[in-house]
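Thank you for making time for this one.

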Amino acid sequence: MAKTIIEKIWDEHIVYEEEGKPDLLYIDLHLIHEVTSPQAFEGLRLNNRKVRRPDLCYATMDHNVPTRNREQIKDVIARKQISTLQQNCEEFGVPLANMDHPDQGIVHIIGPELGLTQPGKTIVCGDSHTSTHGAFGAIAFGIGTSEVEHVLSTQTLWQAKPKTMQIKVTGELGYGVAAKDIILAIIAKFGIDMGTGYIVEYTGEAIRKLSMEERMTICNMSIEAGARAGLISPDETTVEFLRGREHVPAGEAFETEAARWLALATEEGALYDKTVEISTDEIEPFVTWGTNPSMGSGVSQNIPYTSDFAEISDQQAHEKALAYMGLEQGMPLEDIAISNVFIGSCTNARLSDLRTAANVIAGRKVHPNVTAIVVPGSQTVKKQAEQEGIDQIFLHAGFEWRESGCSMCLAMNDDIVPAGEHCASTSNRNFEGRQGAGSKTHLMSPAMAAAAAIEGHIVDIRKFGLVNA
Amino acid sequence: MEPINEINSVITPLNQKNVDTDQIISKEFLKRIERTGFGKYLFYHWRFDANDQPIKDFVLNDERYKESTILVAHDNFGCGSSREHAPWSILDYGFRVVIAPSFADIFYNNCMKNGILPIKLSVSEVEALLSKEVYNVAVNLEVQTVTGEDGVVYSFDIDPYQKKMLLNGWDEISLTFQYEDKIKAYEDKRIAN
């Protein structure tokens with residue numbers, strides 16, 4: 001019977017199976033960062049356990065690293081968390097891209113950059129955006145700290161086989177429409193919990209035509225639809241992205257690997273537990289106006305009315321969200337004033353994202369009411385951007401150009417949106433207080449965020465001119 | 001972890017959908033390197049205003065629920081981040097059971113690893129519970145029931161493997177070590193291929 005890529009990878013990784021139990025699944029790559037790992041390493045120490053396969057681990061620090069003045073971390077507790085990761089990696093022999101290492105960056109950006117992320121792998125990390133790596137045709141999912149400890153000790157996890165879902169995106173993307181808009185439109189249409197209990201495969205011609213960077217943006221936000229993992233079957237785009245990267249084999253061995261990767265793709269006629277479809281006709285540049293990623297609309301729309309929702313619980317949630325955001329129902333989205341812009345995060349801080357944003361702002365100036373920062377996803381992205389002169393475009397426009405990290409996506413470091421202020425953000429979550437207590441987040445694509453920085457309010461990138469996206 | 005079976009308590013009704021882990025435990029409290037001591041930060045920005053004063057109409061500040069060990073919420077509880085600090089803060093605050101129509105996957109798993117029982121009831125059953133002002137229930141994991149003080153009995157499903165882990169409070173890593181030969185055999189087979 002024809003199989004999906006999800007079933008193929010799952011079946012290949014079963015170490016042990018027994019009726020009435022979850023499967024014992026082997027983990028090929030364990031990514032580690034400073035926030036969700038200290039308690040796990042401490043657990044190993046308390047029980048006198050070691051890391052079973054340090055060679056299958058890779059650690060970096062990203063969540064609370066400063067994006068400027070790195071030599072002096074003022075926050076004592078953050079400093080301790082960072083030094084704890086250093087000590088743990090040293091003690092247990094885990095490879096680490098330290099804060100001053102040229103490979104440092106957001107863990108979900110550097111995995112693919114280094115070629116650690118590969119098709120067919122099972123990949124975990126104590127971070128829900130681990131789903132990003134699914135773009136390569138891997139089963140990649142976020143885990144809690146107890147599971148981090150379990151993987152460190154045993155290189156396995158007990159996992160119930162999830163259901164499979166196909167999300168098919170048909171048609172061709174319109175002018176000015178980005179990968180971010182596809183995933184925001186999917187979440188708005190089907191809901192924040194549509195993926196609970198499923199691994200999602202994204203299919204359809206619109207997905208096939210996306211670059212690897214764009215595919216990562218889509219898979220990254222699978223968790224915002226409730227799916228622990230989202231993936232895309234590998235193809236030539238996948239293979240060419242990986243060719244020549246540090247952790248993939250070279251020469252003939254690469255061709256052998258590439259052939260194996262391509263054979264993982266979902267077979268014609270394979271069945272999913274569920275399939276949903278969305279047409280690109282329904283997708284325009286998207287922005288969120290509420291307090292979860294499903295509360296978004298096409299930029300030409302108005303904020304929905306409470307009476308548009310049938311269920312009382314949804315009406316209450318809508319009222320609460322608008323009260324928090326300080327926005328009125330029925331208001332045109334383009335009328336929302338913006339005072340902060342954040343271009344960064346594991347969703348949209350790759351080189352292509354920065355190039356797109358730079359194209360929008362080139363020769364223009366950031367609006368006087370706006371504070372705008374660019375936080376490259378990794379030191380590699382930062383260096384490449386600087387070689388291309390992109391940093392200068394941002395700096396001339398009035399953006400700040402920072403060091404790599406998670407930064408204002410979750411505001412664990414000093415990069416915080418002040419209370420009550422609206423931020424156009426290329427990140428992935430618009431929960432209450434996500435970017436700082438009282439902050440009001442509007443999720444959108446890099447081009448849209450860049451345009452908002454120039455105009456001081458949300459704008460439709462299609463009317464703004466110059467988009468090479 | 002602490003075994004769990006019978007829990008009797010007044011329920012704390014948190015009538016909200018999509019309660020995300022950023023609300024359960026805000027990021028400024030994630031920098032600690034211990035597993036304990038997170039209870040005082042649970043729902044911090046819903047419990048306290050900008051001057052750290054209690055917000056009166058938030059349910060956790062209601063004296064009637066001070067001793068409660070059972071939290072009831074609406075759909076998709078625990079969505080968002082994988083931070084296990086969320087269940088740590090719930091447990092440290094004093095809750096042992098969370099009842100909702102649905103949970104986010106990672107949060108649900110994280111509860112299981114910490115001796116917190118997440119119970120899924122139907123939307124109408126949860127809405128019935130949320131409509132009560134002060135209501136005591138008896139949870140029994142062994143027989144998989146929630147019994148209200150008025151005698152109404154709600155049954156719930158739970159995976160038998162996870163039920164056993166919770167009832168016994170077993171350390172999963174110790175159990176997995178019993179399969180070490182299987183893990184080794186798998187690794188050898190992969191190297192051979």
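Let me begin with helix α5 of chain A, whose buried residues are A:T145, A:S146, A:E147, A:V148, A:E149, A:H150, A:V151, A:L152, A:S153 and A:T154. Please keep in mind throughout that this is a predicted model. The helix is mostly covered, in that ten of its ten residues are buried, and α5(A) is followed by A:Q155, whose phi is positive, near 60 degrees.

What packs against α5(A), and at what angle? The partner is helix α2 of chain A, residues 38–46, which packs with α5(A), residues 145–154, at an angle of about 50 degrees, the two axes being 8 Å apart. Because of that angle, α2(A) counts as oblique to α5(A), and α2(A) passes α5(A) in a right-handed crossing. On the α2(A) side the contact is made by A:Q39, A:A40, A:G43 and A:L44, while α5(A) brings A:T145, A:V148, A:E149, A:L152 and A:S153. Sorted by class, this contact of α2(A) with α5(A) has four nonpolar, four polar and one charged residues.

A second pair in chain A can be set beside it, namely helix α12, residues 351–361, and helix α14, residues 390–397, whose axes come within 10 Å and cross at roughly 45 degrees. That crossing angle is why α12(A) is described as oblique to α14(A), and here α12(A) passes α14(A) in a left-handed crossing. The contact is built from A:L354, A:R355, A:A358 and A:I361 of α12(A), together with A:I390, A:I393, A:F394 and A:A397 of α14(A). By class, the residues of the contact of α12(A) with α14(A) divide into seven nonpolar, no polar and one charged.

Now to the contact between the chains, which takes 52 residues from chain A and 41 residues from chain B. On the side of chain B that touches chain A, at least two residues each come from α1 (21–24), α4 (105–112), α6 (160–168), α7 (172–177) and α8 (180–192) of chain B. Which of the helices gives the most to that side? It is α4(B), with four residues. By class, the side of chain B that touches chain A has eleven nonpolar, 14 polar and 16 charged residues.

Finally, a word on annotation: an unreviewed UniProt entry places "domain: Aconitase A/isopropylmalate dehydratase small subunit swivel" on residues 3–122 of chain B. In the model, the end C-alpha atoms of residues 3–122 of chain B lie 26 Å apart, and the span is 21% helix and 18% strand.

Methods. Residues numbered from 1 in each chain as written. Chains lettered and ligands numbered in written order. Predicted model: local features only at pLDDT ≥ 70, side-chain atom pairs only at ≥ 80, totals over all residues. Contact = placed C-beta atoms within 7 Å. Nonpolar A, V, L, I, M, F, W, Y, C, P; charged D, E, K, R; others polar. UniProt positions renumbered as here; feature names shortened; annotations may be inferred. Axes fitted to C-alpha atoms, helices over the stretch in contact; angles between N-to-C directions. Parallel < 35°, antiparallel > 145°, perpendicular 65-115°, else oblique. Left-handed = near helix turned anticlockwise from the far one by under 90°. Buried ≥ 20, exposed ≤ 12 C-beta atoms within 10 Å, placed from the backbone.
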